[in-house]
Amino acid sequence: MNGDPKLEQIAKGNALALCATGAWTASFAPALERMVADAEKLAGSRPNIFIDVSEVSKLDTFGAWLIERLRRSLTQGAAEAQIAGLSANYSSLVDEVRRVKATPVIETGAITITGMLEQIGRGVAGLTGTVTDLVDMLGAVLAASGRVLIRPRSFRLTSTVHHLEQVCWRAVPIIVLITFLIGCIIAQQGIFHFRRFGADIFVVDMLGVLVLREIGVLLVAIMIAGRSGSAYTAELGSMKMREEIDALRTMGFDPIEVLVLPRMLALVLALPILAFLGAMAALYGGGLVAWLYGGVDPEAFLLRLRDAISIDHFIVGIVKAPVMAAVIGIVACVEGLAVQGSAESLGQHTTSSVVKGIFFVIVMDGVFAIFFASIGM
Amino acid sequence: MAPEIQDPIIRVRDITVQFGATRVLDGLNLDVKRGEILGFVGPSGAGKSVLTRTIIGLVSKVAGRIEVFGVDLDSSNSSQRRGVERRWGVLFQQGALFSSLTVRQNIQFPMREYLKVSQRLMDEITMAKLAMVGLKPEVAERFPSELSGGMIKRVALARALALDPELVFLDEPTSGLDPIGAGDFDELVRTLQRTLGLTVFMVTHDLDSLYTACDRIAVLGNGKIIAAGSIADMQASQHPWLRQYFHGKRARAVMS
């Protein structure tokens, strides 16, 4: 009963009958479309054309629509084409599709050079928007902190501690591991190259200055931008998608105070701690390699380190940490709150949270380098 | 398509579903006949959605057998499973539309995967489906986040019907709709069942839906089907929960 569908032409004097047989269903759609397209050419060839569907064994929306499409294009000729032999089972389906109006489908624009240029232009113009958004969020966070200072009871301690655990405590193993390895690599490379000048011991100077001033904090900040910045954006973004942030607002809570401030504070507290731990782990790793690979024993390493670095190097490094944390936090929260309704938008904003976070961290590092150089630290 | 005595389209035998120590379904048996609209009711948290999800294969069961279209879903190979999945449509409680696709792309998604049809035909069928579920053609280019709750349900139904399935699962299709919208929806399900010869498995809380749309009602309680039959059977039942459900204040308001 589910034979292949056919459309036969039977001429009866002045009239032409198009007999549809077999299963007119979605599975045969390509064949059906071809047959219907062929039959559409018959429009106007005879004064009276009708479509006989009495032999159709199975009909679904696809088949019914194609019969309707055929009927419409045949009708555009002289007389209206009729559908004959419709069984009671299928008549309501055919009636249903008959009511469908043919609407032109909106074509999505093709990619053109002007379109691409336009996108680049919009992107550049949007950069100022990014900066204003960040400044806006910085202001909102500062205002919320001010309100919390006036009314300390409204401070969300539990939430802050929770985020501190997520951002700081749980990040310790991975941060320590990676900075330890980086310390090892710096020491190994330093020894390898310095050995040619017989300057093995200077690797301690390089390691100490590099780790405490730059690598420790920069590396940790980049890792935290990837680890916690993305998490903040995804959390706030999915809350935004499910109207949770609107719900907070209608209950009289300020989302900045409830959601953003604890996160920011946790990050600002966490990054100096992690940067310190990271620097220590890197020095330890470097010291270990210097001993095992370079033959600098721990006592000599420590003596040399004490001469090579001063408290200034440590301060220069650690002072940067809270500022970088604030930048990462603000970028992440701005992106999170900018998420629109779709999953795709959540992905885009999480990506740009991490990208922008890392970018601004590096920019800040450059600014700090100029500043410390000019005050002679 | 009158419901006849024939092989049931869904045959559920002795299924048990457990989450940790809680047994949600406990040796449940259920048949759904071809061409009927089965209304599935029960107290909140009784496991109606769990049963639906178990039949669809989203929740794994501890014991029992499920046959859909005569295919045992546990022992079937992947091509048999795909064959079965092509013949059913599912309307999730929250719609579950793909948020990054437009309405048109959402409805065309299953067509693109399963059928080889031209873009023109897909566009036309999409418009036909939208019209069938009572939506205007302009909706086609919108994203799910730009739709109202009722429109999301309708689009989700259109997507569930995209491949002209023989069986549709509706999980609380009228929840969150206004009474007029819910009434329209029931009418719509009825019409589609008549025109497309659908079998409908409908989880619902809506008494109106039970009265106007359903051919048969099954009641879930304590992990089992405690009653199944016509609305008259339900009203005649002496089971305490059924008596409360069908003779409560709201039920009387619906019947009067």
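Visitor: Which residue of S10(B) stands opposite B:Ile217?
Guide: B:Gly229 does. This is a predicted model, where local features need pLDDT of at least 70, side-chain atom pairs count only at pLDDT 80 or more, and totals for chains, interfaces and linings use all residues. Residues are numbered from 1 along each chain as its sequence is written, while chains are lettered from A and ligands numbered from 1 in the order in which they are written.

Visitor: What makes strand S9 (residues 216-221) of chain B and S10(B) a pair?
Guide: Pairing requires at least two DSSP bridges between two strands. S9(B) and S10(B) have five, in the antiparallel sense, so they count as paired. Strands here are DSSP runs of E, at least two residues; helices are runs of H or I, at least four; both are numbered from the N terminus.

Visitor: Why is H4(A) called roughly perpendicular to H9(A)?
Guide: The axes of H4 (residues 113-150) and H9 (residues 255-292) of chain A cross at roughly 100 degrees and come within 10 Å. Roughly perpendicular means 65 to 115 degrees, so H4(A) and H9(A) qualify. Axes are lines fitted to C-alpha atoms over the stretch in contact, with angles from 0 to 180 degrees between N-to-C directions.

Visitor: Which residues of H9(A) make the contact?
Guide: A:Ile256, A:Glu257, A:Val260, A:Leu261 and A:Met264. Contact means C-beta atoms, placed from the backbone, within 7 Å. On H4(A), A:Ala140 and A:Arg147 are among the partners.

Key:
Angles under 35 degrees count as roughly parallel, over 145 as roughly antiparallel, 65 to 115 as roughly perpendicular and the rest as oblique. Two residues are in contact if their C-beta atoms, placed from the backbone, lie within 7 Å.
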